[in-house]
Amino acid sequence: MSVTAAQGFTAAGIAAGIKANGNPDLALVVNDGPRLAAAGVFTSNRVKAAPVLWSEQVLRGGAVSAVVLNSGGANACTGPRGFQDTHATAEKVATALGGGHNAGEIAVASTGLIGVLLPMDKLLPGIDTAAAALTADGGEAAAIAIKTTDTVHKTATVTQGGWTVGGMAKGAGMLAPGLATMLVVLTTDADLDSATLDRALRAATRTTFDRVDSDGCMSTNDTVLLLASGASGEVPAYEEFAEAVRTVCDDLARQLIGDAEGASKDIRIEVIGALTEDDAVEVGRSIARNNLLKCAIHGEDPNWGRVLAAIGTTKASFDPDRLNVAINDVWVCKNGSVGEDRDLVSMKDREVRITADLANGGESAVIWGNDLTAEYVHENSAYSS
């Protein structure tokens with residue numbers, strides 16, 4: 001049930017006509033309270049879409065009563081008109097919902113082609129339609145409505161005792177981190193304030209969405225929101241709640257990698273033996289973004305030399321003559337040179353595991369990436385909506 005698994009939330013997903021193909025393209029998620037606490041993290045791209053700029057302002061107040069999301073247009077790089085359209089969208093949601101809702105507590109998120117104004121003559125009437133369609137089991141419809149090149153919609157839930165964390169995500173390309181990646185809405189009926197939500201969300205995104213690196217391309221629209229209704233009346237311990245949020249984020253992040261545009265392999269890159277966690281993350285990212293390696297993985301070639309070459313481009317602390325690399329648990333590189341027979345490596349399965357040992361400390365990190373395929377090139381050369 002996605003974002004409506006938690007008590008106190010309703011959602012809807014409808015076709016407003018934003019997409020030329022007539023597919024669902026507008027989602028609405030409403031927090032019916034009694035609490036309206038919220039937190040969010042956004043892209044660190046210096047070019048930010050109008051909805052990101054708007055929602056960043058909204059989140060400073062710590063309260064969100066509804067989120068409206070559209071696919072079929074990013075409303076990024078659209079100048080003052082684009083920001084005005086975002087403002088008008090929030091105002092329309094507040095009017096459509098009535099009951100004391102105000103635009104200053106309405107978050108907005110958009111996804112699609114950059115540099116194109118949204119068709120407001122279709123989006124605004126669509127909000128009325130979505131508001132009329134709100135139900136307590138509308139989470140799946142909402143998740144479907146935010147898809148662009150996604151082949152499947154993405155949802156996850158965790159229930160602990162008397163409270164729940166649920167979520168939905170979209171994303172299949174432009175998956176490179178900067179606090180968050182893609183569009184995500186998380187909900188909980190736990191009775192927690194915005195400061196607690198913010199702490200848990202930042203901790204979760206740091207080791208989940210922030211460590212997904214599909215193609216090295218960071219979006220202008222990346223948004224992750226966490227809303228709390230307090231409807232369960234339960235106040236969980238912070239550690240228990242934070243782990244539930246992390247679990248949902250991790251589940252959604254893995255679904256994103258599994259649906260990455262054209263990918264045929266999911267690559268789990270674990271960097272161990274690092275002097276610092278930052279070193280481990282930097283090395284993992286460099287490996288994940290190495291196009292030569294991504295092509296080799298697609299061809300089921302355990303080309304460990306490309307792993308070492310990627311490590312060597314970083315500023316991490318290591319001795320090249322002590323590096324070790326395993327591919328699917330076969331240590332094909334030992335002490336910076338030839339290790340076990342590479343013919344022992346089987347790469348037939350969807351998941352490929354790369355372990356890079358820097359042999360220089362006790363820190364580690366895991367980054368998820370995917371291979372580079374002809375389908376990825378085709379899809380992104382033809383993408384226009």
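Trainee: Let's start with Arg-254: which ring does its charged end sit over?

Mentor: Keep in mind that this is a predicted model. The charged end of Arg-254 is 3.7 Å from the centre of the ring, and a charge counts as sitting over a ring within 6 Å of that centre. The ring in question belongs to Trp-368.

Trainee: And what lies over the face of Tyr-238?

Mentor: Here too a residue is placed over a ring face, at 3.7 Å from the ring centre. The residue over Tyr-238 is Arg-199.

Trainee: Moving on to ring pairs, why is the pair of Trp-163 and Phe-241 called tilted?

Mentor: A search of the whole structure turns up 2 aromatic pairs. For Trp-163 and Phe-241, the ring centres are 5.9 Å apart. Planes under 30 degrees apart would be stacked and over 60 edge-to-face. This pair is tilted because its planes stand at 50°.

Trainee: How many residues apart in sequence are the parts that this pair ties together?

Mentor: Both Trp-163 and Phe-241 are buried. Trp-163 belongs to strand 7 and Phe-241 to helix 6, so the pair links parts whose separation in sequence is 78 residues.

Trainee: What about helix 1: how many of its residues are buried?

Mentor: Among the buried ones are Trp-54, Glu-56 and Leu-59. Their cover includes strand 3, helix 2, strand 5 and strand 9. Helix 1 is largely enclosed by the rest of the structure, because the buried count is 8 of the 10.

Trainee: Strand 5 came up there. Are its residues Ala-107, Ala-109 and Thr-111 buried or exposed?

Mentor: Those three point one way from strand 5, while Ile-106, Val-108 and Ser-110 point the other way. With 6 of the 6 residues of strand 5 counted, the strand is largely enclosed by the rest of the structure. So Ala-107, Ala-109 and Thr-111 are, like the rest of strand 5, buried.

Trainee: Which strands stand at the edges of the open sheet?

Mentor: The sheet has 4 strands in the order 1-2-4-5, with mixed pairing.

Trainee: Last one: what is the handedness of the crossover from strand 4 to strand 5?

Mentor: Strand 4 and strand 5 run parallel and are joined by 6 bridges, with Val-67 partnered by Ala-107. Between the two strands the chain passes through helix 2. This β-α-β crossover is right-handed.

Terms used:
Residues numbered from 1 in each chain as written. Predicted model: local features only at pLDDT ≥ 70, side-chain atom pairs only at ≥ 80, totals over all residues. Heavy atoms only, no water. Phe/Tyr/Trp six-rings, centres within 6.5 Å; stacked < 30°, edge-to-face > 60°. Buried < 20%, exposed > 50% of the residue type's maximum accessible area, 1.4 Å probe, protein only. Lys NZ or Arg CZ within 6 Å of the ring centre and 35° of its normal. Contact = heavy atoms within 4.5 Å. Pairing = 2+ DSSP bridges. Right-handed = clockwise from strand over helix to strand, strands pointing away.
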